[in-house]
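Reader: I've got a model open on my screen and I'd like to learn how to read it. Can you walk me through it?

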Amino acid sequence: MTAEDIRRASHPVIRQLGIILPIAALAGIVFTAIWSFAGFLIPNSVIIGDVVLVIVFLVFHATTHGLTGYVLKRLMQTLFVIFTIASITFFLLRVIPGGPFDENKALPPQVKAAIDAKYDLNAPIYKQYISYIEGIATGHLGYSYTYVGREVSSIIAESLPASMQLGIFAMILALMVGIPAGVFAAANHGTWKDNVTMIAATSFISIPSFLAAPILITIFCFGWNLLPVALWNGTTFYILPVIVLGMQPAAVIARLTRSSVLEVSRSDFVRTAKAKGLKQRTILFKHMLKNSLIPVLAYVGPVTAYVLSGSFVVEDIFNIPGIGKHFIMSVTNRDYPMVLGVTLVFATMLILANFIVDILYTYFDPKIRLT
Amino acid sequence: MSTDFVGAGDNGQKVRRESDAAIVSRENARAHTFEENASFTPTVQGVDFLERAAERTKGSSLWRDTWRRLKRNRMAFISLIFIGFVSLIAIFAQHIAPYSFAAQNANEVLAPPSWSHWLGTDDLGRDLLSRLIYGAQVSMAVGVLTALVSLVMGTVYGAISGWIGGRVDALMMRIVDTLDSIPTLVLLILVKIMFDSIDQGMNPEVRAVAGVLLALSVFGWLMLSRVVRGEVLKAKQTLYVESARSMGASDRRIIFRHIIPNITGPIIVVVTAQIVSNIMFESFLSFIGLGLQPPYSSWGVLANDGWKTIRTYPHLIIAPGLALFLTMMAFNIFGDGLRDAWDPQTKKE
């Protein structure tokens, strides 16, 4: 099936699949996010449905644009990179002197031996490594040292949703504020509106979350008593962390959008559109926006992964029971299986985000060739 | 005065040279005025002429052009002055700070701002202003030193990778890609764990900063090495490299004497951005308790301290936050200005 076949298809819906599918996927995600922001629990089936929509769109796009080989190659590479990261982190953490149970010097030798046997620390290192890799392949990341008797994968599964929620809300906020602000600044280029927007963007980039959070908390929580100070239990709880986390990406997106809209506005096809006498709005939304989103996309990929995997600082400030908090705890407690597991999850998310962004490039700009 | 533009040299240096005709006509005019002067001897005229011509053709170098454009950008210039101010405070922290960063005064716990403590004291009676000043020292040191380390590592790595090319290049870049696919903060923390457990017998004061420094340096060079590699790949095709090679210059000489000086612009822009993110990361690490540990002071540590008393004493967290915010702002504006000044072609107007 090629793009040409689709274009010649008899049914109009099939002909428009290239637009219908991404809009459906996007609408699914946004709808789910709003639903969840309203404080409802999202059933698993809906989340799976969203993921399926995204995958269907990506597969459709890849097959119709001759990217199947590339996608398969990239998937193999992804597996290899994850394996490499797992190995490196494993050996790094095993090589360093001092174990998690060395703190208590008074530990009787019998107890120490029992602990070592329990966590399989007596076996030669290559055996530990093999069982560790086997565990990853089957989805088991070992048992946590600090939460006795609990599997790392179950702790991650429990804490990831809050981080994901926070991240998705923040990213949607960032895109919803950032892109219009950038377009607004570019449309009013050179005027005071442009300058004010850009100064605001630069200050939002520079503001550390531990300055933004106290200011907002002092105003909204202590001053007006409108919002709760911390925790993650419903709509009112979501507002402040989402603003604090989404602020910086929004500002960066605004700056990127502005500069790329300005660049696109000087290109020939825009001049043609102007010469044809099209309305300003038509030119902006039909001709320029899709072309100017490519630099934004390059930024959005990695930052989504970072934001989804839980911003450590924001989770710490607002006491959100997310994965970032567990990671900090596991580091201070030297809970190595936990550190390894969380590292792997974060790395996988980052790799996948970059992968999806690379495919989306070819959607936004068919001239880009992936090899 | 008629000047004509001779053109950009291979190394990008714009040399403005007065046209010979203009010099000759002006020299003649001067010679006429000199003829009334008895000391003037026509025999020296030729030498004199050349010397004066050489004096007058002092090129306007790329650096000077950049500096001139930067000075015209008022916001960027003010930011530069502010950065210089903070740097001075950081360098002379020991002499400026009224108290030591660790000196506790049990009689004045959580004191409000007064004449003896301009910004008040924290929950252990330590002077906030002094801690802020020492914090500037740590933050600036971390920002600048890590940027230097990543500058050296990234430049050498990227230059080698781009220069050798082929399979070596592919392998070296794959390593960078792999390291890059570990999220920054996680990588930082992993390196920090490593470092903290290896070096047990170090001076605690050095150790406090060194862990953070090393951790930040380990990932900082990744982006720079990509940029340098790309620039080296481009430079390999240029004429000046070809001519250097045809004269028998060694690889090392070509890379470090010819190519690197010519790609300083993009390198400086990346390094400035690096300083910003390093200072930010240091304070984040310290804030979540994995960076510098009290009693040592950095803006992140102070923010972490202030967080405990945010309800009653919000100034304890606002002050370090504000200091960090202003410094970041200055670096960001200066970085933008520097980029525009360096390469006015790419300025997004």
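Reader: How far apart do the C-alpha centres of domain 1 of chain A and domain 2 of chain A lie?

Author: Domain bounds come from an automatic or database domain assignment. Here that gives domain 1 (1-66) and domain 2 (153-333) in chain A, and their C-alpha centres lie 23 Å apart. Their contact takes six residues from domain 1 and seven residues from domain 2, where a contact means C-beta atoms, placed from the backbone, within 7 Å.

Reader: Before I go on, what should I know about the model and the numbering?

Author: It's a predicted model: local features need pLDDT of at least 70, side-chain atom pairs count only at pLDDT 80 or more, and totals for chains, interfaces and linings use all residues. Residues are numbered from 1 along each chain as its sequence is written, with chains lettered from A and ligands numbered from 1 in the order in which they are written.

Reader: How many helices and strands does chain A have?

Author: Helices (H or I, at least four residues) and strands (E, at least two) are DSSP runs, numbered from the N terminus. Chain A has 17 helices and zero strands.

Reader: At what angle do helix α8 and helix α16 of chain A pack?

Author: Axes are lines fitted to C-alpha atoms, for helices over the stretch in contact, and angles run from 0 to 180 degrees between N-to-C directions. For α8(A) (residues 152-187) and α16(A) (residues 323-332), the angle is about 130°, with the axes 7 Å apart. That pair is therefore oblique: under 35 degrees is roughly parallel, over 145 roughly antiparallel, 65 to 115 roughly perpendicular, and the rest oblique.

Reader: Which residues meet there?

Author: Among them, A:Ile155 and A:Leu160 in α8(A), and A:Ile323 and A:His326 in α16(A).

Definitions and conventions. Two residues are in contact if their C-beta atoms, placed from the backbone, lie within 7 Å.
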